[in-house]
Amino acid sequence: MQLELSARCHFPVKVLTALTLITMYRASGVWIKHARHALLLQNSAARLLDVMPRSFETLGLSHTVSIFHAEHIYLGMQIISSLLLLGGALFLATYGPQLIAACTAYVGEVVERGLLLMLPPMDILLIAAPQQAAPMIQPFMQRLLGLTLSGRESGVAVANSLTLIGRLLLQSPSAFEQLIGTAAAADIGASGAATGPEVLLVSLGSLWCEAFDSIAQPLARKLSACALATLIGLPVKALLNLLPIMLNHITSVWLEVESSGADEPTTERGEMFYAQGLWSSNSSSSGWDHGVGFGDGGLLLGQSLTASEEAQGEAERRQVLRDAEPLKHVKISRLLADKLAAAAAVHGQDFSAAMAALDPAIGQQLQAVMAAAAQAGR
């Protein structure tokens, strides 16, 4: 019937579909604003969940309407992020499996912009409800890991994906271990040969070192430095081959953020450091490009959605999330000292030989970090 009607009216089916989507976006945009302005957490969350629009069905349209790929994912991730902030565990318990299934299906199937938009909500999950979320997002993380190691993604996509992988490593080591074990069993990252967990970890560490300079956000650089330090402490002998470049990156970030005092959370400078967050404008809602025909007053009400991020309820909940940032309580120097001690205990003479072979410049930087770790431990 739709085909016949469009033929008679000379109104293409694609236009009808686009208008349907626009109507859905307008309605969902109004709904997002209600979520963001809500002040009473539990009661508001329960009411909003009761009338939740068909967000996941909306997300599922991307495979048939390619022009809306990034746009509708953007709106879907706005909905999800605001609901995670508002409803927390209630939202995750009610819609978690649907959310993870929908996002997992997109990994590797959408343009880079779409992938980047999915990462911040996953990060919210891991901060707000790590015990509940870490096992739940395993399917998403497995596909993301495979995509990251595939060699087909851009430097920006790899750098941002590694940030989320690093969050999982630091927040839930057991979930990260499960991820690596499952990925190795599925031969993720393999090139026609069986891949064990140790081989996969070395591949991941090597890629991380290569991509490190593409990680731009200061907080993301701190997270990745902490992740590399954690990898050093794992009982994987082959990782010692990466020790020089790993230590070079870790000590460089230590100079940037800890030695300079930039990440001290009790100072104004530290507050700004953590307020910037992990994600660049390429993966944040506030960085959405309104110049593609969807600005405020346009089809997707882009600027008004961005403005609603400053609503009192949304702003307060985002501040609570920033206050809960686990990296505020991590000193790179102390973590690195602990992981080097663990590596020395596991690898013995092999570790000593690797340390002795370090470039003198890296060794000098490392001495400064170890001195800071000793000072912090007093």
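**View 1. Pro244, a partly exposed residue in this predicted model.** Pro244 belongs to helix α14, which covers residues 243-259. Leaving out residues up to four places away in sequence, Pro244 touches Leu358 and Ile362. Ala357 is 113 residues from Pro244 in sequence. In space, the two lie 8.5 Å apart, C-alpha to C-alpha.

**View 2. Helices α9 and α12 cross.** Two packed helices are described by the angle between their axes and the distance between the axes. Helix α9 spans residues 138-149 and helix α12 spans residues 197-211. Their axes come within 11 Å and cross at roughly 60 degrees. The crossing is left-handed. From α9, Leu145, Thr148 and Leu149 take part in the contact. They meet Leu200, Ser203, Leu204 and Leu207 of α12. Sorted by class, this contact has 5 nonpolar residues, 2 polar ones and no charged ones.

**View 3. Met118 in the largest nonpolar core.** This core has 100 residues. Met118, Phe140 and Trp208 have the most contacts inside it. What does Met118 touch, not counting residues up to four places away in sequence? Its partners are Ile73, Met77, Cys103, Tyr106, Val107, Val110 and Phe140.

**View 4. The aromatic pair of Phe273 and Tyr274.** The count of aromatic pairs comes to 1. Phe273 and Tyr274 form this pair, with ring centres 5.0 Å apart. Their planes stand at 80 degrees, an edge-to-face arrangement. Both Phe273 and Tyr274 are buried.

Conventions: Residues numbered from 1 in each chain as written. Predicted model: local features only at pLDDT ≥ 70, side-chain atom pairs only at ≥ 80, totals over all residues. Heavy atoms only, no water. Core = buried A, V, L, I, M, F, W, Y, C linked by side-chain atoms within 4.5 Å. Buried < 20%, exposed > 50% of the residue type's maximum accessible area, 1.4 Å probe, protein only. Contact = heavy atoms within 4.5 Å. Phe/Tyr/Trp six-rings, centres within 6.5 Å; stacked < 30°, edge-to-face > 60°. Axes fitted to C-alpha atoms, helices over the stretch in contact; angles between N-to-C directions. Helix = DSSP H or I, 4+ residues; strand = E, 2+ residues; numbered from the N terminus. Left-handed = near helix turned anticlockwise from the far one by under 90°. Nonpolar A, V, L, I, M, F, W, Y, C, P; charged D, E, K, R; others polar.
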